[in-house]
Amino acid sequence: ILMDWSPDDQTIIYATAEQVSDNGFNALLTVWAVDIESGETKSLYPARAGKESIYGWIDSCTFIVGAYGFESPHWGLSRVNIAQPGLQSLMEGYFDIADLNPATGTILLQINGVFFWEPNIPKGIYRLDTQNGRIEMEIAGENLSLRGWLTEINAFTIYDNGTDQVIFLSP
């Protein structure tokens, strides 16, 4: 189930769900925010698919969320501001993995293996600017695996399975 704390530890994000199958898969219904001090609960948006993930926080009120079905890759990323409920679409389309640099609001996307859904998209690592929604390819290749953002070194880490090397990509 979707659940996360805001960076200032003042808000919890969670989703209500209903069980839709015997094997434990749940369908999310609504995503909520609860203020820790006041106990006020606020509906942020109706969930869009079977599951959703928070990819990171831009500030203490704004987070990035993506949705995915039970047997499909992730699709679509949106910005959510707790003060102004609703989804602000950043991109529509399939991807495998995403991670956020919270200092710049930049997201790296790994697009590799979504050929069944989007066969014409070149495989590789893409950069998504959360301010303007612009997407640009950073590194082309089908053997790349986005490992995530490392605050300690201020860089994204990418593993190249073909060359057995780690790539560090700074903002």
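Threonine 30 touches Tyr14, Ala15, Thr16, Ser43, Tyr45, Pro46 and Ala47, leaving aside residues up to four places away in sequence; contact here means heavy atoms within 4.5 Å. Threonine 30 sits in strand E3 (residues 26–35), where strands are DSSP runs of E with at least two residues, numbered from the N terminus. With 18% relative accessibility, threonine 30 counts as buried. For the labels, buried means under 20% relative accessible area, exposed over 50%, and partly exposed in between, using a 1.4 Å probe and protein chains only.

A word on the model before going on. It is a predicted one, so to speak of local features takes pLDDT of at least 70 and side-chain atom pairs count only at pLDDT 80 or more, while totals for chains, interfaces and linings use all residues. Residues are numbered from 1 along each chain as its sequence is written, and side-chain values use heavy atoms, with hydrogens and water left out.

E11 (residues 124–129) and E12 run antiparallel and are joined by 5 bridges. Glycine 124 has alanine 140 in E12 as its bridge partner.

**Salt bridges**

Side chains of opposite charge can pair when their charged atoms come close. The cut-off used is a side-chain nitrogen of Lys or Arg within 4 Å of a carboxyl oxygen of Asp or Glu. The structure holds 2 salt bridges, and here they are:

| Pair | Closest N and O atoms |
|---|---|
| Glutamate 138 – arginine 127 | 2.8 Å |
| Arginine 134 – glutamate 136 | 3.0 Å |

Glutamate 138 is in strand E12 and arginine 127 in strand E11, so this pair ties together parts 11 residues apart in sequence. Glutamate 138 is partly exposed at 30% relative accessibility, whereas arginine 127 is buried at 16%. In the other pair, arginine 134 is partly exposed at 46%, and glutamate 136 is partly exposed at 38%.

Asparagine 143 lies in the loop between E12 and E13. At 36% relative accessibility, asparagine 143 is partly exposed, and it touches Tyr159, Asp160, Asn161 and Gly162, again not counting residues up to four places away in sequence.

Next comes an open sheet of 3 strands, ordered E13-E14-E15 and paired antiparallel. E13 and E15 (165–169) stand at its edges with a single partner strand each, so one side of each goes without a neighbour in the sheet. Here the twist averages 25° from one strand to the next. E13 and E14 pair over 6 bridges in the antiparallel sense, and leucine 146 stands opposite isoleucine 158 in E14.

Isoleucine 153 is in the loop between E13 (144–150) and E14 (155–160), and counts as partly exposed at 44% relative accessibility. Together with Leu150, Val166 and Phe168, Ile153 makes a nonpolar surface patch of about 360 Å².

Technical notes
Pairing = 2+ DSSP bridges. Helix = DSSP H or I, 4+ residues; strand = E, 2+ residues; numbered from the N terminus. Patch = residues over 30% accessible without salt bridge, like charges linked within 9 Å, V, L, I, M, F, W, Y side chains within 5 Å. Areas by Shrake-Rupley, 256 points an atom, 1.4 Å probe, with all protein chains shown as cover. Axes fitted to C-alpha atoms, helices over the stretch in contact; angles between N-to-C directions.
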